[in-house]
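The sequence and the model come first, and my notes follow.

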Amino acid sequence: MFEQLAGLLTHLGEKRIAVLRLFGAEVRFDTTALVMSWVVIVLLILLALWLRRGLRQPVEEKPNRTQAALDGLIDILKSQLSGNFASERLAIMMFPFISTLFLYVLLSNWLGVVPYLSSPTQNINITMGLALLVFFMSHVLAVKLKGTRRYLKGFLEPYAFMLPINLVGEVAKPLSHAFRLFGNILAGTILITVVMVKFAPIIVPPVLSIFFGLFFGGIQAFVFAILAVAYINVAVED
Amino acid sequence: MLQEAQNVVSGISGADIATAAKYIAAGLCMGIGAIGPAIGEGMAAAHALDGMARQPEMQGALLRTMVLGQAITETTGIYSLLIAIVLLFVI
């Protein structure tokens with residue numbers, strides 16, 4: 001039985017790898033994650049285009065229901081952000097980035113609920129890419145807002161001999177950021193697959209899917225975005 | 001009967017022992033690794049509840065901070081999960 005289970009789970013991690021030869025070097029792509037990522041992107045764009053219909057400047061007429069709901073949503077997101085960022089200006093500046101990140105991760109997590117589709121976030125490369133995006137974003141912003149001198153001096157705080165520990169701390173941030181999302185989503189997928197194939201093929205998997213896919217996916221997307229906010233905030237503040 | 005047992009024992013190869021060790025290690029890794037995050041997240045929730053009971057108007061901020069703190073606490077559990085996955089399917 002364990003052999004079968006192991007075989008089943010290795011099948012889960014099976015990847016369709018496309019190899020691209022570029023200047024003599026091999027570049028490998030996991031095409032499943034790539035295609036799923038594109039599905040998420042296309043869905044987001046279509047959703048945006050669909051919701052954009054019927055929007056109007058709220059000058060003379062009263063807004064329709066879609067617009068009212070969207071306004072409310074944006075207000076909630078904005079208030080969450082401005083509560084977490086150090087300054088209002090930074091919150092307004094980072095709002096598009098953070099909300100895009102949130103929507104992408106949320107839809108990626110929820111995509112795993114749909115049969116025959118898989119979450120792109122259960123691939124470590126995708127989550128690592130997102131985490132590195134946040135990492136570079138925070139450091140570039142820190143250099144820009146604090147100046148190179150004060151940015152470099154920040155690594156010597158509180159004492160100069162703490163430099164190695166500070167550097168390790170900076171490297172650990174994107175790693176834990178990426179592994180957290182990846183581990184949570186992968187664990188949910190493995191659990192659902194094992195239960196579905198080995199124990200209860202009907203009724204139970206959808207319930208588990210709702211719990212792990214929708215509930216945990218939502219929480220993890222929220223946590224991912226809030227942690228991005230926290231990392232950027234810590235890097236930027238004095 | 002003794003002969004049978006001896007046959008079984010002599011039939012066990014090194015690969016079998018390695019496989020068994022793999023499963024035992026993955027189970028131990030997950031079981032022990034889940035203790036810390038469970039206690040930590042429980043403490044975070046308990047103290048957040050204390051705060052909410054004392055100041056209900058702070059509920060939103062407390063809930064947000066609690067979820068964030070729990071997510072960070074959970075990281076060690078996620079690390080042990082990854083190690084268990086690696087033990088089971090990669091090694």
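**Chain A and its helices**

I began with burial and noted that 27% of the 238 residues in chain A are buried, a residue being buried if 20 or more other C-beta atoms, placed from the backbone, lie within 10 Å of its own. This is a predicted model, in which local features need pLDDT of at least 70 and side-chain atom pairs count only at pLDDT 80 or more, while totals for chains, interfaces and linings use all residues. Residues are numbered from 1 along each chain as its sequence is written, and chains are lettered from A, with ligands numbered from 1, in the order in which they are written.

I then listed the elements, and chain A has eight helices and two strands, taken as DSSP runs numbered from the N terminus (helices are H or I with at least four residues, strands are E with at least two). Along the sequence, the pattern in chain A reads α-β-β-α-α-α-α-α-α-α.

I looked up α7(A) against α8(A) and found an angle of about 175 degrees, with the axes 10 Å apart; axes are lines fitted to C-alpha atoms, for helices over the stretch in contact, and angles run from 0 to 180 degrees between N-to-C directions. That makes α7(A) roughly antiparallel to α8(A), the word being used for angles over 145 degrees. Among the residues making this contact are Leu181(A), Ile185(A) and Leu191(A) of α7(A) and Phe212(A), Phe216(A) and Phe224(A) of α8(A), where two residues are in contact if their C-beta atoms, placed from the backbone, lie within 7 Å.

I next took helix α4(A), residues 88-111, which packs with α8(A) at an angle of about 150 degrees, with their axes 9 Å apart. These two helices, α4(A) and α8(A), are therefore also roughly antiparallel to each other. By class, the contact of α4(A) with α8(A) has 16 nonpolar, five polar and no charged residues, counting Ala, Val, Leu, Ile, Met, Phe, Trp, Tyr, Cys and Pro as nonpolar, Asp, Glu, Lys and Arg as charged, and the others, Gly among them, as polar.

Notes. Angles under 35 degrees count as roughly parallel, over 145 as roughly antiparallel, 65 to 115 as roughly perpendicular and the rest as oblique. A residue is buried if 20 or more other C-beta atoms lie within 10 Å of its own, exposed if 12 or fewer, and partly exposed in between; C-beta atoms are placed from the backbone.
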